[in-house]
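Welcome, and thanks for taking a look at this one. Please keep the viewer open while you read, and follow along as we go.

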Amino acid sequence: MTVEYEGTRYHGWQEQKNARSVSGELHRAARAAGAEVVEIGGSGRTDAGVHASAQVAHLRLRAGVDPGRLRLAMNDALPPDVHVLSLEPAPDKFHARHDAIRRTYVYQIARRRTAFAKRYVWWVKRALDARRMQEAAACLEGRHDFKLFCEAPSRQESTLVVVEEALVVEDGGLLLLRFTASHFLWKMVRRVVGALVKVGAGELSVAEFRQLVDGNPIPGMKDGTAAWTAPPSGLFLAKVAYRGDLPEGPVIRPVVPVAAEPATARAPSEPERSSRDATPSGTRRRPPRR
């Protein structure tokens with residue numbers, strides 16, 4: 001399955017007994033459609049509040065079904081913030097997480113207050129230097145130990161990650177940050193974004209950011225970690241790639257666009273005023289008495 005969802009109302013992807021989850025909704029919808037579910041597994045366990053425009057999951061059933069009919073029936077049973085984009089047969093041993101070779105996340109930072117996209121952006125009020133942020137983001141590419149950008153690194157089998165791409169681009173009222181890697185650690189992307197915002201705001205130098213990527217804490221940093229965690233609202237799992245899939249292209253498109261704020265309106269200067277607003281001598285007319 002390829003699934004899109006707005007994660008605002010969910011306690012993450014992973015099915016849980018006492019909390020609402022995305023995989024839990026999919027499980028319920030498959031049962032409502034008459035399918036006997038053996039297992040649902042996602043390519044990535046997105047955190048609470050994180051969205052996906054293309055999460056990949058495997059759905060194992062006890063009996064064969066018509067994929068097209070099952071997809072339609074599941075979408076009829078799903079809430080409006082979860083949607084199955086595609087459903088197709090896969091090899092018996094296919095595993096959405098283990099077989100994935102790279103994952104791409106996009107983070108949306110709003111450069112202005114927006115009435116429509118609050119659930120899909122992080123509005124940063126401070127002025128951000130996109131050029132400095134891109135210079136720092138370039139330090140991420142390659143194989144690094146991201147223990148300083150991970151929540152509870154001791155729980156990870158390894159904190160080594162190969163980052164294939166890290167880009168920062170401007171798009172209207174947004175800064176778009178795209179990261180592609182073999183895999184990501186718990187809260188890694190959000191902590192990287194938080195640190196890059198510090199760089200863009202001039203509160204952290206590019207050299208200090210590189211030091212963190214190299215696994216060396218900055219003196220005086222709380223807990224010795226890069227714990228500036230961006231909110232989940234701006235984060236999207238954008239693509240999961242398997243063998244034979246092509247890498248992402250250079251263009252980054254917003255998931256939820258935000259137009260740039262229009263220039264502040266100004267009063268016209270004297271030469272721009274209509275001739276009807278002035279007397280022949282150039283003095284202002286008095287408004288008529290009422």
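## Aromatic rings

Two rings of Phe, Tyr or Trp, the last taken by its six-membered ring, are a pair here if their centres lie within 6.5 Å. By that rule, ring pairs join Phe146, Phe149 and Phe209 into a cluster. Please bear in mind that this is a predicted model.

Searching the whole structure turns up seven aromatic pairs. One of them is formed by Tyr105 and Phe184, with 5.2 Å from centre to centre and 85° between the planes. Planes over 60 degrees apart count as edge-to-face, and this pair is edge-to-face. Tyr105 belongs to strand 5, while Phe184 sits in the loop between strand 9 and helix 4 (188-200), so the pair ties together parts that are 79 residues apart in sequence. Are these two residues buried or exposed? Buried is the term for a relative accessible area under 20%. Tyr105, at 9% relative accessibility, therefore counts as buried, and Phe184 counts as buried at 19%.

Let's follow Tyr105 back to its strand. Strand 5 spans residues 102-110 and is mostly covered, with nine of its nine residues buried. Arg102, Thr104, Val106, Gln108 and Ala110 point one way from the strand, and Arg103, Tyr105, Tyr107 and Ile109 point the other way. Residues of both sets are buried.

Which strands pair with strand 5? Strand 9 (residues 174-181) runs antiparallel to strand 5 and is joined to it by eight bridges; here Arg103 has Ala181 as its bridge partner. Strand 10 (residues 235-241) also pairs with strand 5 in the antiparallel sense, over six bridges, and its Leu237 stands opposite Tyr105.

## Cysteines

How many disulfides does the model contain? The count comes to zero. Cys139 is in no disulfide, and the nearest cysteine sulfur to its own, that of Cys150, is 20 Å away. A disulfide needs two cysteine sulfur atoms within 2.5 Å, so the 20 Å from the sulfur of Cys150 to the closest cysteine sulfur, in Cys139, is too far for a bond.

Terms used:
Residues numbered from 1 in each chain as written. Predicted model: local features only at pLDDT ≥ 70, side-chain atom pairs only at ≥ 80, totals over all residues. Heavy atoms only, no water. Buried < 20%, exposed > 50% of the residue type's maximum accessible area, 1.4 Å probe, protein only. Helix = DSSP H or I, 4+ residues; strand = E, 2+ residues; numbered from the N terminus. Pairing = 2+ DSSP bridges. Phe/Tyr/Trp six-rings, centres within 6.5 Å; stacked < 30°, edge-to-face > 60°.
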